[in-house]
Amino acid sequence: MATVEVTGLQKRYQDFLALDGVSLKAKTGQLISLLGPSGCGKSTTLRCLAGFLEPNGGDILVDGESIVSTPANRRGFGVVFQDYALFPHMTVAENVGYGLRLKRLPKGEIATRVYDVMKLVRLDGLDRRLPKEISGGQQQRVALARALVLQPRLLLLDEPLANLDARLRDEVRWLIRDVQQQSGITAFYVTHDQSEAMAMSDMVAVMKAGRVAQFATPREIYQKPTERYVADFTGEANFLPVSQVTGTGEGSYRIVVAGTDLEVTGVPDIPIGWDAELLLRPESLSLVAPDAGTFRGRVTKSAFLGAALHCEITLDDGDVLRLAADPNEQVSAEGKVGVAIDRSHAWLMPKVAP
Amino acid sequence: MTSSATTFANQRSVSFGFALLIVVLYIFLLAPLVAIVGSSFTQSLLIEFPPKGLSLRWYVEFFSRHDLVSGLIMSLRIGMITAIVTTVIAVMAGLAGRTLRGRLSGWFQVGMALPLLVPELLTAVGLLFFLYEIDLGKTVVGLQMGHILMSFPYAYVSISAALRQVPSSLEEASASMGATGWQTFRLVILPLVMPGVAMGAIFAFINSFDLYTISLLLKPLGGNTLPLALFDFLTYEFKPTAAAAATISIVLSLIGVALVQKLVGLQRAF
C-alpha cells in the first residue's frame, strides 16, 4: 500500500563503497526482487530501507516522503530475516503478538488479530509452542506472520528461504507470494537464487558491485539482458563472439557470428566498436540435419536427463554451444549436426555495459 | 588388524589416565572443603580432621563473638551492594562492548578486565592514595568502591558472554516492530541474558566476600570484613571457630548457586 522510490543510494564503509548509487522504483503492491551474488549490495540496500543502516547519500521516498531520517522503529515496515530472528523465550503466539503488545492494544484484539494472521499463514494450533519446538518452515511462517500482523506499509524479506530445504522452500515461497498479493503490500525481496526471483517478482533488480545492473520485469531480464553479467546470472546461456556489428535501426543489427551473416535484435545504442556478444539461451536452439540450420558443428558431449537431452556442440570455428535437445533424438558422438536458432530469441548485447 | 588393536588399547589407556587425572584433580579441589567442613563439627579444642566427636559448639562460639559476627555482616552487606552495582555496570558495559567491531572490541575487552591484570596490591595502594585525596580514606564507601572495582571483571566476563549469544537480528526485528531501545532491552535482551546476569552477580558477590588484600588496605576505622576478622582471630587462637566461619561462607555460596538454579537454571548460564 505504498510506492517506494530509491534514488542514488550510497553506503560507504571506510574505503569500500558498498552501495554506489542504487536507484529503484516500486509501485503499490509490487514485489521487487534484489538479485545478485553475495557482496553485491542487495542486503545493504534492504537494510537501508529497513532503517538498520544509514546511507551516506541518496534518498528513499515512501509515498513521496523521505524516510531516511526516520528511525527503524517508526518506519512501520515488516522485516523477515534469513535466520527468522524469532524471540526464543516467547511462544509462537507471543512472537506474533509482540508488535501489537508494544502498541498497547487490548488483549482481546491482540488475540483475534494473532489468530487471524496465524490462520492466514497456516500456523493454527501452534500458538503455545516455543520457536525451537517447531520446524524451520514453520519458524519462517511465524516470522512472516509477525511482520504481517502489524499491517506494514512495506514488507522487506532478506533471503527468507535460504535456510530451508528444497521442498519447504517451494511451499513457503508460494505462501509469501499469495499473502503478499492478497494483502496488496509492496515488498522487497533479497535473494541470490535467480529462479526464485523470476518466479515471484513483478520486477527484478540484478545488482553488481553496489550498482543496479538492470531493473526490469523477469521476462526482460531473462530475454533482453543489458550485459553478459545479467544474462549469466539469470540462467543457462551461450555467448558467441561477434564481429562486424552494423546498426540497421533502433535495437536491430546486422552481425557476423561463427562465419554466418545474421540480422538480430539487441540492446539499443551499442557504441560502434564496443565488445559485443550474441546471447543464445539453450531453449532457443535446436538440432537439425547437418546441411540445414544456421551453424554447423559436431556433438562433443551429451547427457540424457530424462526430460531433455543436454548436448554440447563444438562449432566448426571452435565455439561451443550448449542446448537441450528432444530426449528421443538420436545423437551420435562426433556426428555432424546443424544448429537452428530461433531468431526472435537471439539477443545482441555488450559484454560489459557501456 | 594388529595396528588398529594397538591404537584401541592406547586409546583406552589414554582415557583411563585422563579419568585418573580428573579424579585426582577433584580430590585436590574438594579435600580442603571436606576437611574444613568436617573439622568445624569437632568437639576438641583444635582444628583437626577427622573430627573428634560431633558438636555445634564452635558455631555457637562463632555467633557469640562480636568481632566475627560484625565482620560477617559487613562482608554480606558489602558483597550484596557490590553484586548489584557491578551487575548494573557490567550489563551497560556489555551492551556498549557489543556494538564495537574489530580491534576496538578487543581493546575494550582488555580494558574491562584490567582490574584482574594489575596486581591487587598495586590497585589497593593506588586506590588508598586516591581515596585519601577525595576524603574517603578509611571509610566504608571507599572500601565498597574497591570491592566493586575488583569484582567488576568477573561479572563482566559472564554477562558479556551471555550478551554475545544474542544475535543482533533479534534487536533489529524488535525495532522493526516498533520497539524503542529500552523496550527491546527489557522484553527481548534481558530475559535472554538473565542466567548470565545472575551468574555474574554471584561471581561478583563471592569475589567480594573473599577479597583480602584490598580490604586490609581500605578497611574503615574500627570495621573488619570477615576474612580480616578471621585472620586477626587466627593470629592468637587456633580454634575450630575459624572452621565454622569457613563452613558458613561455603553454605552461603551454595545458597547463592541454588537460588540461581531455582530462578533461571544454571545450565542456561553457560
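**Exercise 1. Describe the packing of helix H10 against helix H11 in chain B, and say which residues make the contact.**

Step 1. Helix H10 (residues 226-236) of chain B packs with helix H11 (residues 241-263) of chain B at an angle of about 165°, and their axes lie 10 Å apart. Axes here are lines fitted to C-alpha atoms, for helices over the stretch in contact, and angles run from 0 to 180 degrees between N-to-C directions. Helices (H or I, at least four residues) and strands (E, at least two) are DSSP runs, numbered from the N terminus.

Step 2. The angle makes H10(B) roughly antiparallel to H11(B), given that angles under 35 degrees count as roughly parallel, over 145 as roughly antiparallel, 65 to 115 as roughly perpendicular and the rest as oblique.

Step 3. The crossing of H10(B) and H11(B) is left-handed, a term used if the near helix is turned anticlockwise from the far one by less than a right angle, with right-handed used if clockwise.

Step 4. On the side of H10(B) the contact is made by Leu226(B), Leu230(B), Phe233(B) and Leu234(B), and on the side of H11(B) by Thr241(B), Ala242(B) and Ala245(B); two residues are in contact if their C-beta atoms, placed from the backbone, lie within 7 Å. By class, this contact of H10(B) with H11(B) has six nonpolar residues, one polar and no charged. In this classification Ala, Val, Leu, Ile, Met, Phe, Trp, Tyr, Cys and Pro count as nonpolar, Asp, Glu, Lys and Arg as charged, and the others, Gly among them, as polar.

A note on the source: this is a predicted model, in which local features need pLDDT of at least 70 and side-chain atom pairs count only at pLDDT 80 or more, while totals for chains, interfaces and linings use all residues. Residues are numbered from 1 along each chain as its sequence is written, and chains are lettered from A and ligands numbered from 1 in the order in which they are written.

**Exercise 2. Characterise chain A as a whole, and then the side of chain A that touches chain B.**

Step 1. Chain A contains eight helices and 20 strands, and its C-alpha atoms fill a box of roughly 80 × 45 × 35 Å along the principal axes.

Step 2. Of the 354 residues of chain A, 41% are buried; a residue is buried if 20 or more other C-beta atoms lie within 10 Å of its own, exposed if 12 or fewer, and partly exposed in between, with C-beta atoms placed from the backbone. When contacts in chain A between residues at least 6 apart in sequence are considered, 65% join residues at least 24 apart.

Step 3. The contact between the chains takes 18 residues from chain A and 15 residues from chain B. On the side of chain A, the elements that give two or more residues are strand S6 (77-80) and helix H2 (92-102), and the residues of this side divide into 12 nonpolar, four polar and two charged.

**Exercise 3. Determine how far helices H1 and H2 of chain A are buried, and what follows each of them.**

Step 1. Helix H1 (residues 42-50) of chain A is mostly covered, since nine of its nine residues are buried, among them Lys42(A), Arg47(A) and Cys48(A). Just after H1(A), Gly51(A) takes a positive phi of about 95°.

Step 2. In H2(A), eight of the 11 residues are buried, so this helix is largely enclosed by the rest of the structure. The buried residues include Val92(A), Asn95(A), Tyr98(A) and Leu100(A), and the buried residues of H2(A) pack against helix H3 (107-120) and helix H4 (136-148) of chain A.

Step 3. Just after H2(A), Arg104(A) takes a positive phi of about 55°.
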